[in-house]
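Here are my notes on the model you sent.

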Amino acid sequence: MKLIFLGTSAGTVTSERNVSALALDLIKERNAIWLFDCGEATQHQMMKAKISLAKLEKIFITHLHGDHLFGLPGVLTTRSLMQNMSPMTLYGPKGIKQFIDTVINISSSWLTYPLEIIEIEQPMVLFDDGQFRVNCAALSHRVPCFGYRIVEHDVSNKLDVAKLSQQGIEAGTYYADLKRGKTVTLDDGRVIDGKAYWGEVKLGRKLAILGDTIPCDAAIELAHEVDVLVHEATQKHELQDKANSRGHSTTIEAANIARQSQAKKLIITHISPRYRLTDNPSIIAQCRQVFANSEIATDFYQVEIE
Ligand SMILES: [Zn+2]
Ligand SMILES: [Zn+2]
């Protein structure tokens with residue numbers, strides 16, 4: 001599981017940063033890529049990062065501001081030019097379906113693969129397929145904006161084979177399901193819970209990927225004890241009034257959310273175009289005053305989540 005930042009600038013592109021997009025590489029876990037936000041030129045950034053459009057499984061849009069959205073038509077329609085594309089699901093605030101339908105119709109484009117569009121209007125569990133669970137909650141921005149919490153279910157690579165055979169459950173038959181932690185009904189009618197036969201357990205990883213927001217309770221809840229919190233920090237803290245009046249957070253505010261939610265690591269992104277990459281050390285130093293394990297994302301910055 002790996003995060004790959006594709007765009008880290010707030011509002012407009014700069015010569016150093018593209019606008020918002022973040023890939024979650026789940027190739028090892030499920031042979032898939034999930035994309036969070038899709039600013040202009042995200043498909044160029046994906047190409048440079050060697051992320052395959054074919055592997056895209058889900059796209060989550062935090063809100064409908066252009067710097068998080070305008071790359072989406074390109075990503076969706078370019079994918080249509082490729083052969084045998086798998087179905088995709090797009091999640092985003094109400095209005096996203098109208099945006100996509102309008103762009104596709106007006107430009108006489110079409111999609112060659114099934115695209116399910118799920119519009120979000122309230123906090124909800126978006127899906128839980130037994131491997132991952134994703135839920136969302138409303139943040140506090142100038143337009144409806146959501147943050148996403150991604151939780152991987154615990155897994156076990158080993159079953160307690162001795163215990164299974166002691167109880168007369170033979171190798172093979174049900175093992176794949178038991179390993180996934182499923183409840184299984186045996187031929188003799190016994191119902192057993194796979195998790196009760198797990199050997200070594202690997203705890204699932206947790207992430208929070210938030211959209212634009214001022215500090216809010218929903219951010220703290222979404223980020224509760226996550227391994228990595230991705231939070232915007234548009235301005236340095238001396239520009240707090242300016243940041244907050246436009247629905248954005250500062251460095252110190254993002255770090256406070258990380259501390260209050262007991263996150264293990266904070267990565268700030270969505271950095272104002274007023275700053276250059278040479279400002280990174282002074283920007284991240286503000287976060288680290290409050291939350292030591294803080295990093296600042298740049299385009300193509302990658303983080304493995306163990
Ligand atoms: Zn933005
Ligand atoms: Zn915004």
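1. The side chain of Asp-67 reaches the backbone nitrogen of Gly-11 at 2.9 Å. That is a polar contact: a pair of N or O atoms within 3.5 Å, where, within protein, one must be able to donate a hydrogen and the other to accept it, and residues adjacent in sequence count only if both atoms are side-chain atoms. Asp-67 sits in the loop between β4 and α3. Helices (H or I, at least four residues) and strands (E, at least two) are DSSP runs, numbered from the N terminus.

2. A word on the basis. This is a predicted model, in which local features need pLDDT of at least 70 and side-chain atom pairs count only at pLDDT 80 or more, while totals for chains, interfaces and linings use all residues; side-chain values use heavy atoms, with hydrogens and water left out. Residues are numbered from 1 along each chain as its sequence is written, chains are lettered from A, and ligands are numbered from 1 in the order in which they are written.

3. Is Asp-67 buried or exposed? Asp-67 has a relative accessible area of 11%, so it is buried. The cut-offs are under 20% for buried, over 50% for exposed, and partly exposed in between (1.4 Å probe, protein chains only). Leaving out residues up to four places away in sequence, Asp-67 touches Ala-10, Gly-11, Val-19, Ser-20, Gly-39 and His-270. Contact means heavy atoms within 4.5 Å. The UniProt annotation "active site", from an unreviewed entry, covers Asp-67. Such annotations may be inferred rather than shown by experiment; positions are given in the numbering used here, and feature names are shortened.

4. Donors are N, O and S atoms within 2.8 Å of the metal (3.2 Å for Na, K and Ca); water is not among the atoms, so sites may look incomplete. Asp-212, in the loop between β14 (206-209) and α7 (217-222), and His-270, in the loop between β16 (266-269) and α10 (280-290), link distant parts of the chain, 58 residues apart. Both are buried.

5. Which residues coordinate the zinc ion (ligand 2)? They are His-63 (NE2), His-65 (ND1), His-141 (NE2) and Asp-212 (OD), at 2.2 to 2.4 Å. Asp-212 bridges this ion and the zinc ion (ligand 1), and the two lie 3.4 Å apart. His-63 lies in the loop between β4 (56-60) and α3 (72-80) and Asp-212 in the loop between β14 and α7, so the pair ties together parts 149 residues apart in sequence. His-63 is buried.

6. The α3 helix has buried residues: Leu-72, Pro-73, Val-75, Leu-76, Arg-79 and Ser-80. They pack against β3 (32-38), α2 (42-48), β4, β5 (88-93), α4 (96-106) and β6 (115-120).

7. Last, Asn-293, in the loop between α10 and β17 (294-296). With a relative accessible area of 34%, Asn-293 is partly exposed. A polar atom of its side chain lies 2.9 Å from the backbone oxygen of Lys-264. Neighbours within four places aside, Asn-293 is in contact with Lys-264, Lys-265 and Leu-266.
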